[in-house]
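This report concerns a ligand site and a set of charged side-chain pairs. Please keep the model open while reading.

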Amino acid sequence: MKDGIATTCPYCGVGCGLLVRRVGERVEITGDPDHPANRGRLCAKGASLAETLGPEGRLLYPEIRGERVDWDKALSTVARQFAEVVDRHGPEAIAFYVSGQLLTEDYYVANKLMKGFIGSANIDTNSRLCMSSPAAAQQFAFGEDLVPGCYEDLEQADLLLLVGWNAAFTHPVLYRRMAEAKEKNPGKRVVVIDPRRTATCELADLHLQLSPGSDIWLFNGLLEYLKREGRLDWTFLENHVRGFGATLDAVSGLSIPEVARRCDLREADVAAFFRLFATTPRTVTVFSQGINQQVTGVDNCLAILNVHLATGRIGKPGACPFSITGQPNAMGGREVGGLATQLAAHRDFSAANRQQVQAFWQAPRIAARPGLKAVDLFEAVHAGKIKALWIMATNPAVSLPEAERVRSALARCEFVVVSDVVADNDTLRLAHVRLPAAAWGEKDGTVTNSERRISRQRAFLPLPGQARPDWWIISQVAARMGFGQAFAYPGPHTIFREHAALTALSPAGPRLRLDPSIAASREAYDLAGPHQWPAGAARLFGDGRFATDDGRARMKPVAPAPAGEAAGLCLNTGRVRDQWHTMTRTGRVARLFAHTPEPVVSVHPRDAARAGLKEGAWAWVANRLGRIAARVQISAGQRPGEIFVPMHWNDLFAAAGRVGAIIPACCDPTSGQPAFKAARVELDPITPAWQALLLTRHPVTPPAGCLWHRVPVPGGYRLQLAGLAKGTAALPPLVAGRGEWLRLEDPAQGRLRLARLVEGRLEALLFIEPGQGRLPDPTWLASLLDREKLDTADRLALLRGEPPEGAPQGRLICACHGVAEGRIREAIRNGATTVIELQARLNAGTGCGACLPELKRLITETPSAPSPAFCHPQGCDTIDGS
Ligand code: SF4
């Protein structure tokens, strides 16, 4: 019997199990020690889930054009509009854009309504943006979109290749599992293949910092090397693989010097990597967005699958290629057919499949062909071909490439319905109908993680206001369109049972088989624990039998893309450690902002110098599509000519922060996955007329015409602003109110510092500096909002902006124990030379462990105080210690 309600984290594809308990009025959330994905561990995001609950900011009632309505009116309006569009323009004029945040049951019902009853396949998902290239590659190579391994393989491998995957930030619990496995097995080797030196490189024995887009050169070169060195598994190839002859011919003669030149790597490093791969049978290659989000995404994945098939390293303990998913249910969505390119249950649109699925659903019609992929779908909205669009649980006005065009597509669309849990985001602002969906913790169903493990998400909170589960909302619209009988689900267990039955329909059909017995009854479904599919299969294809017609895997020659456009800088995008997607949930937790509280652009020192940019300066990142503003973070971990910008910022948190606005809508031609890793941009300094720091207890609206970003901090909000034109008169009214004022002003210089206190408590603070003058580190000042009363030392230091000794300074490195960078550096200067010593002194790094790579980096970067034994009485700088 569990001590709490077992459920699953809603964030990333690791799919960590959680236990939820009520402690008085509080909800307490901990890692589930029995869940095989995390064995009790959580990262900072998962560990702060309890702080994201609560009604603030929720969409609680259906609305039509901003007016609150009841469910019947909202659902009837949606059903009627959809029916009219179908009558006037046909089923292709309707589209659904759904999300990897949906549960499998929600996905199933949406897919069934669109493909079987409306009769179009125009349902696509935001998983298109992260997973469609590996899905297409696996479909081709294995005959079905299946990940052949499991998380234990990452621990059991003697060689781990981490390709385009900053695991330390994006999948922290898996990173910890790999790091611990390496500690236990000193012979284990880790190679990171990534154009950036990320936190994950702290685990690496070798970092191949290759040029962006050169992955195919590297893996094709490896294949040729393996052939040359007699390291191919010819028995496996001859018995279980097709297409290897042409594939090997295509890479013939590719030498190490050529690979090194194409990838911009040292020959010695390429040779060392090839040798390591050749001599280590237990190899797992994990690949993620760095591979997937390129115009050659499918071929990149195939190049990796090719080397694993050629060496028979698949489906064996510690040996497989492993595509890691970003979202909590990207996999579940693919299983039911949530991508426009699949019909249902991993089936394509063949006549036999269409006939069988239509009969199973008893549907009046069935989609005749694949629908529009995400980018094309929004282009069709823009062109007026799609007249009615239903967006569920995603924010495409931020997350899609050419986000401004997506915005204008939504603005022109006749009828936009958005189902979401929040009352406001960039996409909801453009909706005609808003439908309040049940949030995580309120809804019930299943999700599938990256290792094909199906886990239950369970409700532990009542539905707030009029919020309803997505499957219910979709079924009610279906009923009002006249399809009630096929959508009369009493609960999610009946949907799962129907989905499982569909997967088992045809003996000649795909290999995927779900076990319907877990949903045989409501009780069985409620009790279901995490389990992998196909039933009991931790690994697939180890027997050499694949899901293709002839049971053989397929290799395919893949060619690198011709060298791309060289003008400007190459823009890479991705996640920061403690945020998730467009921050609609993590953005509610103050401590999750403390690690990266601003939109930043990471720039190599050479490029920064060339553009005249200093650390902390504001800069435009611009191209023909538009521009965004970000703070410069100078990093030697960037390759020269390449910059990195996080993907999370949007209009709720920053002016001009949406990086999607400057990503061209270039996609892989097969998968339709956009290339988020290779936009070309220019970097230009912003010369502000003034800069300001604003701390308030309540949210305030920044004045128009300036740059700003706003984040929650404990006890209030922190805004940083920069004016492009002179004039700061709009700022002081933002801190107006009753109370005691402290003020320091130099009007001639345009410098102002003022604070308002009420009964000794800081209520608001405003610092304005002219031009590029530096404002004080905001960490300590912002921490004062959380104090009941300021003491004398704080009041004296307040307007100076100088923290007293021991006060927090710099970014928060350890989110679990609230340890900021300043304290860590101080401890290192005072003699802490190992992570263990930092853990003992500060507790830093003893929680989720996501900060451990950064602790290691700080130890390397921070000079420690010289040993007293070598110190001269007058100082330490004149003594030669030798
Ligand atoms: Fe959630 Fe973190 Fe686990 Fe991902 S690694 S599922 S975000 S707790």
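The sections below cover the basis of the model, the ligand site and the salt bridges.

## Basis

The model is predicted: local features need pLDDT of at least 70, side-chain atom pairs count only at pLDDT 80 or more, and totals for chains, interfaces and linings use all residues. Residues are numbered from 1 along each chain as its sequence is written, and side-chain values use heavy atoms, with hydrogens and water left out.

## Ligand site

The ligand sits in the largest cavity. A cavity is a set of points, on a 1 Å grid over the protein atoms alone, where a 1.4 Å probe fits but cannot get out; a molecule sits in one if more than half of its atoms lie within 2 Å of its grid points.

Around the ligand are Cys9, Tyr11, Cys12, Val14, Gly15, Cys16, Leu42, Cys43, Lys45, Gly46, Pro172 and Val173, where a residue counts if one of its heavy atoms lies within 4 Å. This shell has 9 nonpolar, 2 polar and 1 charged residues (Ala, Val, Leu, Ile, Met, Phe, Trp, Tyr, Cys and Pro are nonpolar, Asp, Glu, Lys and Arg charged, and the others, Gly among them, polar). Helix H1 (44-47) and helix H7 (172-184) each supply at least two residues of the shell; helices are DSSP runs of H or I, at least four residues, numbered from the N terminus.

## Salt bridges

The structure holds 58 salt bridges, each a side-chain nitrogen of Lys or Arg within 4 Å of a carboxyl oxygen of Asp or Glu. Side chains of opposite charge can pair when their charged atoms come close.

In helix H7, Glu180 and Arg176 are 4 residues apart, about one helical turn, and their side chains meet in a salt bridge (3.5 Å, N to O). Arg176 is buried at 9% relative accessibility, while Glu180 is partly exposed at 23% (buried is under 20% relative accessible area, exposed over 50%, partly exposed in between, with a 1.4 Å probe and protein chains only).

Glu745 pairs with Arg743, with 3.1 Å between the closest N and O atoms. Glu745 is partly exposed, at 44% relative accessibility.

Arg857 and Glu854 form a salt bridge of 4.0 Å, N to O. Both lie in helix H29 (residues 852-861), 3 residues apart, which is about one helical turn. Arg857 is partly exposed at 27%, and Glu854 is buried at 3%.

Methods: On a 1 Å grid over the protein atoms alone, a cavity is a set of points where a 1.4 Å probe fits but cannot get out, and a pocket is an open set with protein on both sides within 12 Å along at least five of seven lines; lining residues have an atom within 4 Å of a point.
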